[in-house]
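Please keep the structure in view while reading.

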Amino acid sequence: MTAARSHLPRGEKPSIRAAITWGVVVGAIQAATPLAFWWLDPATGYALGLAAIAFVYIGFAVADGRWSVVAVECSVAMTFVVVAAAGVTGSAWLLALGFAAHGLKDAWQQRRQYVSGTRWWPPFCAAVDWVVALVIVIEIVAGIHFQQ
């Protein structure tokens, strides 16, 4: 059996357009988290999402295998967990800031490829993060209450 060949010319990387498109779709779905978890305050639903996203990079770091990368990614993930926890009872702006900042972290990751083997993930995750951040900002401006 032979290995599958890429349709791309040698040395050319595949487009990240599909990853970004799917990120926007998943971001819109994630922005609806408060509807799926109607018994929780919207802030809690968004905070759970922010914390969950942060931990994905720990898995990628473990797969990368470098201890320094694992340590850095664990520290970064815990920072986002703290922001998410503060957003449960604090200002909803913390949640918007957390998602926007995580998107920036994704953009940095895409540029640097700090964690190996994640070429498609950072643009996907950045799109998710920025869509959710935008929706939260719109909800704040519209006067939606995030805590009961």
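A residue is called buried when its relative accessible area is under 20%, exposed when it is over 50%, and partly exposed in between. Phe37, with a relative accessible area of 36%, is therefore partly exposed. The model discussed here is a predicted one.

Helix α1 comprises residues 17-31, which is 15 residues. From its first C-alpha to its last it reaches 21 Å, close to the 21 Å expected at 1.5 Å a residue. Its buried residues are Ala19, Gly23, Gly27, Gln30 and Ala31. Seen down the axis of α1, these buried residues fall within an arc of 100 degrees, so they line one face of the helix. On the other side of α1, Arg17, Trp22 and Ile29 are exposed. The cover over the buried residues of α1 includes α2 (33-36), α3 (42-64), α5 (92-112) and α6 (121-141).

Helix α4 may be examined in the same manner. Its 23 residues should span 33 Å at 1.5 Å a residue, and its end C-alpha atoms are 34 Å apart, which agrees. The buried residues of α4 are Val69, Val70, Glu73, Ala77, Phe80, Ala84 and Gly87. They pack against α3 and α5.

**The nonpolar core**

Which residues have the most contacts inside the largest nonpolar core? They are Tyr46, Leu95, Phe99, Trp121, Val132, Ile136 and Phe146, in a core of 31 residues. Helices α3, α4 (67-89), α5 and α6 each supply at least two residues of this core. The largest share, 11 residues, comes from α3.

Phe146 illustrates these contacts. Leaving aside residues up to four places away in sequence, Phe146 touches Asp41, Pro42, Ala43, Tyr46, Ala92, Ile136, Glu139 and Ile140. One of these partners, Ala92, is found in helix α5. Ala92 has a relative accessible area of 10%, and is therefore buried. Ala92 and Gln147 are 55 residues apart in sequence, and their C-alpha atoms are 8.8 Å apart in space.

**Aromatic rings**

A search of the whole structure finds nine aromatic pairs. The table presents two of them.

| Ring pair | Distance between centres | Angle between planes | Arrangement |
|---|---|---|---|
| Phe37 and Trp39 | 5.6 Å | 75 degrees | edge-to-face |
| Tyr57 and Phe60 | 6.1 Å | 65 degrees | edge-to-face |

Planes over 60 degrees apart count as edge-to-face. The planes of Phe37 and Trp39 are at 75 degrees, so that pair is edge-to-face. The planes of Tyr57 and Phe60 are at 65 degrees, so this pair is edge-to-face as well.

Are the members of these pairs buried or exposed? Trp39 is exposed, with a relative accessible area of 55%, and Phe37 is partly exposed. Tyr57 and Phe60, by contrast, are buried.

Because they are three residues apart in helix α3, they are separated by about one helical turn. An α-helix has 3.6 residues a turn, so residues three or four places apart point the same way.

Ring pairs also link Tyr57 and Phe60 with Trp120, Trp121 and Phe124 into a cluster. Lys105 lies over the face of Tyr57, at 3.7 Å from the ring centre. Trp121, a member of this cluster, is also among the residues with the most contacts inside the nonpolar core.

Conventions. Residues numbered from 1 in each chain as written. Predicted model: local features only at pLDDT ≥ 70, side-chain atom pairs only at ≥ 80, totals over all residues. Heavy atoms only, no water. Helix = DSSP H or I, 4+ residues; strand = E, 2+ residues; numbered from the N terminus. Expected span 1.5 Å × (residues − 1). Buried < 20%, exposed > 50% of the residue type's maximum accessible area, 1.4 Å probe, protein only. Arc of directions from axis to C-beta. Contact = heavy atoms within 4.5 Å. Core = buried A, V, L, I, M, F, W, Y, C linked by side-chain atoms within 4.5 Å. Phe/Tyr/Trp six-rings, centres within 6.5 Å; stacked < 30°, edge-to-face > 60°. Lys NZ or Arg CZ within 6 Å of the ring centre and 35° of its normal.
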